[in-house]
Amino acid sequence: MDEAQLKQRDVMIEAISSRLGVSAERGRRFAELTSLRVGGSIDWVISPRTEAQAAAVVYELERAGIGWRALGSGSNVLADDGEHHYVVLALKDLKGEVGFEGELVHVSAGYSLPRLCIDVARQGLSGIEGLGGIPGTVGGALWMNAGAYGHEIGTVTETVRVAREGKVVEIPGSTVQWNYRHTSFKDGELLLGATLRLTPDDAAAIMARMEDAKSRRLATQPHGGRSAGCFFKNPPASAIGTGKMIDEMGMKGVRRGSALVSPVHANFIVTEGENARAEDALALAEEIRERVKREQGIDLEYEVELWRANEPTKESTQSALENSPDEVKEE
Ligand SMILES: Cc1cc2nc3c(=O)[nH]c(=O)nc-3n(C[C@H](O)[C@H](O)[C@H](O)COP(=O)(O)OP(=O)(O)OC[C@H]3O[C@@H](n4cnc5c(N)ncnc54)[C@H](O)[C@@H]3O)c2cc1C
């Protein structure tokens, strides 16, 4: 996109955000918005506060042909060091209040997952206490089907609220495929919130199970550091987990520039320093993949999402700007 096209896009973004009353910021970097603390500049960060607002924002962006990506806490994203010319729809302000209705729990996408785990445990509701130590938002957890210690969010999801044609639409959780750290949600689908169906149990017992899961996590994973959790998925056909495999290759502690394989858990890549680079984390990750392929014959799959600055998002800003907004086809 040339200067003039970028300017035209900026005018459209300003108009959309002021019409819908949402905050739109410039000058942010992925290094500030992701747990790995790396990644380049973002043209625009738009932060809706309600589900209806978020649905309206993406509808308007898509009508104008402006590319966007949803970001929760950024705890599962490695964005590269380039200039990201799309809108980041930041969902952390979309938290609202948690609603309790018997065994049902209504929650918005930007709500903190660890916070929710505590809230429901206090209400004597079981089913997600294993997820208590996973950083991130409910929306990110739904997107990835986050799981740990025998619990996965998908198994307790009664309905998901998604953005369709500018409206909030509720779909049954049973229509979603909830796989291992992957779901059938398609790129460009914005998750606004969910209703979970949990199981009544003794609050103290649920809390105790959650504390147990958290202490097991603390004993085996780096904490306080800058990571994105497990970098690679466990290969389905392998008898040992990816962490153990990398450890057995002697790679714990291996450093490439500002990134290193965690000495605590070999499937965690951590970054260090003020000016840490995504490039270093990526180079290290690729080195691990190559060695695992060479020595074990296994193709490791990324669990972390790689966001490339030059990869188009669902809607290409370029193609839309070649049309006038009125000519952009509605979905
Ligand atoms: C120390 C550490 C430990 C971890 N342990 C675990 C673990 O045990 N199990 C596990 O499953 N994960 C784990 N993770 C990974 C991560 O915390 C989870 O995947 C979490 O659910 C991501 O939530 P988020 O809000 O940070 O998502 P983000 O990283 O912001 O986004 C992840 C993906 O979800 C999409 N997304 C986010 N919100 C929405 C939305 N509302 N609508 C549409 N798409 C959306 C993003 O576009 C992106 O594709 C760990 C991470 C860290 C740093």
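User: In which strand does threonine 199 lie?
Analyst: This is a predicted model, where local features need pLDDT of at least 70, side-chain atom pairs count only at pLDDT 80 or more, and totals for chains, interfaces and linings use all residues. Residues are numbered from 1 along each chain as its sequence is written, and side-chain values use heavy atoms, with hydrogens and water left out. Strands are DSSP runs (E, at least two residues) and helices likewise (H or I, at least four), numbered from the N terminus. Threonine 199 lies in strand 17, residues 199–200.

User: Which residues does threonine 199 contact, leaving aside its neighbours within four places in sequence?
Analyst: Contact means heavy atoms within 4.5 Å. With those neighbours set aside, the partners of threonine 199 are Gly124, Leu125 and Ser126.

User: How are helix 4 and helix 6 oriented, roughly parallel or roughly antiparallel?
Analyst: Axes are lines fitted to C-alpha atoms over the stretch in contact, with angles from 0 to 180 degrees between N-to-C directions. The axes of helix 4 (residues 113–122) and helix 6 (residues 203–220) come within 8 Å and cross at roughly 155°. Angles over 145 degrees count as roughly antiparallel, under 35 as roughly parallel, 65 to 115 as roughly perpendicular and the rest as oblique. Therefore helix 4 and helix 6 are roughly antiparallel.

User: Which residues of helix 6 make the contact with helix 4?
Analyst: Helix 4 contributes Cys117, Ile118, Ala121 and Arg122. From helix 6 come Ala203, Ile206, Met207, Met210 and Lys214.

User: Which element gives the largest share of the shell around the ligand?
Analyst: Strand 4 (68–71), helix 5 (138–144), strand 10 (147–148) and strand 21 (305–307) each supply at least two shell residues. The largest share, 5 residues, comes from helix 5.

User: How far is an oxygen atom of the ligand from an N or O atom in the side chain of threonine 137?
Analyst: A polar contact is a pair of N or O atoms within 3.5 Å. For the side chain of tryptophan 143, the distance to a ligand oxygen is 3.4 Å. For the side chain of threonine 137, it is 2.6 Å.

Definitions and conventions: Polar contact = N/O pair within 3.5 Å; in protein donor to acceptor, adjacent residues only side chain to side chain.
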